[in-house]
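Take a walk through this structure, one part at a time.

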Amino acid sequence: MRVQSTPQHPFDLTPAPPLDVRQHALFLDFDGTLVEIADRPHDVIVTDTLRALLTDLHSATASALALISGRTIADMESLLGEQFAHIAGVHGHEMKFGDEVRRDEAAHSPIPFAAAEIRVLQRNEQMPALVEDKGASLALHYRHAPHAEQQVRRIALDIAARRGLRVLEGKMVIELIAGPHTKGDALMNFMRTPPFAARTPIMIGDDVTDEHGFRAARAAGGFGILVGPPRPTDATHCLADPAAVHAWLQAGLTR
Ligand SMILES: [Mg+2]
């Protein structure tokens, strides 16, 4: 599944309607949505203003705010703090509900074998991507080496086929991932529980992997907001960039 750089059909995205912190449940992607994407995942800039905004929204929504990321929960907490009750990591493979973290351990099994293969390629200088081992997935980042896209994709597809893994493509990253999880499942899992269940879900994201979340939000009576330039999407609304997301969230907080 890849981003279509040229729209294949007309799309009609409207500006996001106002956030209502009493009625809405917020599902927020991180990279490209709350922060600008960096060349390397650990180089993202998280400001104290953003941390404070999210913390305020978490309490204003009575914890009906979930971060839904391809990053691990541990990584998200190292960047944002541990105050958030609900985080889905590795595209829904790990789910934090308050004090409990649930992981689909069974689905990890092929990952160490794939990681070993990739280490051999790295030793032989045949893996130009930056490799991030997230336990349930291996992310191959090539933002720093865009010319290597085809080579990285070829390697990923080959290993995935032999190891029974899925390939998930995002912006300048190709992931080998275990198990069936998507950001859509993560959203649905949260929506089945309080404090989300009685609220209208809004999924905000920028990447192809967020489309599962947009569809799940619609299925649950809510909607998606695409961050970035319009493209074919299951979101119905758009915001221009992370700064516009911050402004929209802040406006909802002070309404
Ligand atoms: Mg993103």
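The model is predicted: local features need pLDDT of at least 70, side-chain atom pairs count only at pLDDT 80 or more, and totals for chains, interfaces and linings use all residues. Residues are numbered from 1 along each chain as its sequence is written, and side-chain values use heavy atoms, without hydrogens and water.

Where do the domains run? Domain 1 covers 30-102 + 196-254, and domain 2 covers 107-177; such bounds come from an automatic or database domain assignment. Their C-alpha centres lie 25 Å apart.

The rule finds 1 salt bridge across the interface of domain 1 and domain 2. A salt bridge is a side-chain nitrogen of Lys or Arg within 4 Å of a carboxyl oxygen of Asp or Glu. The side chains of D206 and K171 form a salt bridge, at 2.7 Å from N to O.

Together, D29 (OD), D31 (O) and D206 (OD) coordinate the magnesium ion at 2.1 to 2.2 Å. Donors are N, O and S atoms within 2.8 Å of the metal (3.2 Å for Na, K and Ca); water is not among the atoms, so sites may look incomplete. Along the chain, the donors follow the spacing D-x1-D-x174-D.
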